[in-house]
Amino acid sequence: MLTLQLRAALQAPLDCTGVVPELMQRLTIPELERYTVYYGNQAVQLADLFHLHGDCADGALHWEGSNALFHYVGAAMNSGTITVEGSVGWNAGLGMTGGVLKIHGTAGDYLGANMQGGAIEVASAGNNLGGALAGSRRGMTGGRIVVQGDVGDSVGELMRRGLIVINGQAGAFLGANLIAGTIAVAGQVGSHAGAGMKRGTLLLRKTPEQLDAGLIPTADIPLTFTQLLLRHISWEYPGNSVTCYRGDLLCGGRGELLIIQ
Amino acid sequence: MQLHGVEIADTFAEAFPMVATRVVITACTAEWATTAATLATGYGCSVIACDAEAAIECDRPPQTTPDGRPGVACLFFAFSREHLQKAIVKRIGQTVLTCPTTAVYADLIGEPGKAIRIGGNLRYFGDGWQISKKLGDQRYWRIPTMDGEFLCEDEFPTVKGVAGGNIILLGEDQPQTLHAASLAVAAMRTLPGVILPFPGGVVRSGSKVGSRYKALRASTNEAYCPTLRGVVPSQLPVGVNCCYEIVIDGLTQAAVEEAMRRGIHAASTAPGLRSISAGNYGGNLGPYHLRLHKLLAEDAAC
């Protein structure tokens, strides 16, 4: 495992693009130390900012001392494992296609945005989790994100498949404009959940305080898929039925919002 | 060779490759799953005149099924993937999709690129309201129905299975020979990966290839018919007045062989059984020759 231990507190944002297992695996120790990253508006070598221990031959990379100034951690990774002892900033896991990204602290906005594959585990996250960068027509299209705590607004916006599991609360506009995909939330969700959704599934453990008029209740009924999904995400649920909402009617009404009873 | 005083013929069962898949049907109760599975595997004795050979493999307890509900595993065999897909789509569509609370899953590690599409063909019943969901690498189709939804996995892996393994039991009279056959069936059904597609697992009308009637592909195996002994060349020794055949289809040759071995062991303990043989076509048709003596090499007392 290659461990990157921060030498001193950062004074500017650090762009961690390219520091991913599939690239680091190919480098020798001297090459790793000389690897260029952008710190503020300066190009610096990794060894200038970090103590490097070990190597990445096993595809494992470990960040120590990270914080919200670490951006693009794990962006575009396609294999291996990155673990982060601490928090990260924006765009972590952006566009990743494989591998596992584990963040023991908080992630900033756009965690897993435009993600196509792989898995992310994080303690909590900001806005636009699994969503789309400005100008993208799709958000996350594959892979899986599991959040142990709370997330911000606009989770899974535009998603086009993939799975997001939030064990805490979610903010407003959960699954807004959802085209496809599945988002499960254990805690309370904010306003406008499912606004503009075309397809896809929102699975909630708690009834939202307010739902948009485009989402209409259809039935209280057992759905086999609910049992399948709950086992897939390892959520305990002794009951059987869900309250099924369809919507957004303004966009065809083929999306579903399921509330576990 | 003898086993428990029963003569084991020095012959072989001739078996054939057939494409196979496993389908797991779940429902709200074991009874409804069994109802659906029984109908889905009905009229599935032989590809001589049925679209597939099919039977229930075993019950699946809730903790072993994808949705945590009681289930039943079924095996289906056909000549080709195309035939298999067509048969299963029809059967599931008519007998499982229609049955309350059911869902259908695949459960087989198949050959890469050789899957058949079941849910992907049934989805059109949803008339545009069907939903595709992907969890991991599996795609499921959810079709709205009057009791909620019918869920079916999109693709089902297939393997090259072995069909036509068999043993023929020769006994003194009908009740004792049928009892021996029942013991064999019970022993064979403890084995995963095999089915006995005929009624109760037992065939009373063993057949031979061809007929004097041009329209028929198979006809009665007169060599084993006790009422024809003496007027046709017969395989029945003196004292044998009844025969029953057990046909086995399995996902692997090893599974079929083990089923035959267990069946021979179980049947040989029954009173009134004189010998155990097997059916073949001279060895020129099927690539699998399952020799009875070889199956029992370590067990039988010579």
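**A friendly note on a two-chain predicted model**

1. Let's start with one pair in chain B: B:K114 and B:E111 form a salt bridge, and their closest N and O atoms are 3.6 Å apart. A salt bridge here is a side-chain nitrogen of Lys or Arg within 4 Å of a carboxyl oxygen of Asp or Glu. B:K114 counts as partly exposed because its relative accessible area is 31%, and B:E111 is partly exposed at 31% relative accessibility. For these labels, buried means under 20% relative accessible area, exposed means over 50%, and partly exposed lies in between (1.4 Å probe, protein chains only).

2. Some ground rules before going on. This is a predicted model, in which local features need pLDDT of at least 70 and side-chain atom pairs count only at pLDDT 80 or more, while totals for chains, interfaces and linings use all residues. Residues are numbered from 1 along each chain as its sequence is written, chains are lettered from A and ligands numbered from 1 in the order in which they are written, and side-chain values use heavy atoms, with hydrogens and water left out.

3. How many salt bridges does the rule count over all chains? The count comes to 13. One of them joins B:R22 and B:E57, at 2.8 Å from N to O. This pair links distant parts of the chain, with B:R22 in strand β3 (residues 12–26) of chain B and B:E57 in strand β4 of chain B, 35 residues apart. Helices (H or I, at least four residues) and strands (E, at least two) are DSSP runs, numbered from the N terminus. B:R22 is buried, with a relative accessible area of 11%, and B:E57 is buried at 7%. Another salt bridge brings together the side chains of B:D67 and B:R69, at 3.2 Å from N to O; B:D67 and B:R69 are both buried.

4. Now look at where the chains meet. In contact (heavy atoms within 4.5 Å) are 20 residues of chain A and 23 residues of chain B. The area buried between the chains is about 1,700 Å², and carbon and sulfur atoms give 58% of it. Buried area is the accessible area (1.4 Å probe) that two parts lose on being put together, summed over both.

5. Which residues form a salt bridge between the two chains? They are A:E256 and B:R142, with the closest N and O atoms 2.4 Å apart. The rule finds one salt bridge across this interface, and A:E256, B:R142 and B:E149 are linked in a network of salt bridges. Elements giving two or more residues to the side of chain A that touches chain B are β13 (180–185), β15 (216–222) and α4 (224–232) of chain A. The largest share of that side, seven residues, comes from α4(A).

6. Next, the interior. In soluble globular proteins, nonpolar side chains tend to be buried together. A nonpolar core is a set of buried Ala, Val, Leu, Ile, Met, Phe, Trp, Tyr and Cys residues joined through side-chain atoms within 4.5 Å. The largest one here has 60 residues, and those with the most contacts inside it are A:W63, A:I166 and A:L174. A second, separate core of 37 residues includes B:V162, B:A180, B:Y244 and B:A255.

7. A:F70 is worth a visit. This residue lies in strand β7 (residues 70–71) of chain A and is buried, at 0% relative accessibility. Leaving aside neighbours within four places in sequence, the contacts of A:F70 include A:L6, A:F50, A:W63 and A:W90.

8. Among the buried residues of α5(B) are B:A255, B:V256, B:M260 and B:I264.

9. Finally, is B:T41 buried or exposed? B:T41 is buried, at 10% relative accessibility, and lies in the loop between α1 (30–40) and β4 (53–60) of chain B. A polar atom of its side chain lies 2.8 Å from the backbone oxygen of B:A37. By contrast, B:E31 in helix α1 of chain B is exposed, with a relative accessible area of 57%.

Key:
A polar contact is a pair of N or O atoms within 3.5 Å; within protein, one must be able to donate a hydrogen and the other to accept it, and residues adjacent in sequence count only if both atoms are side-chain atoms.
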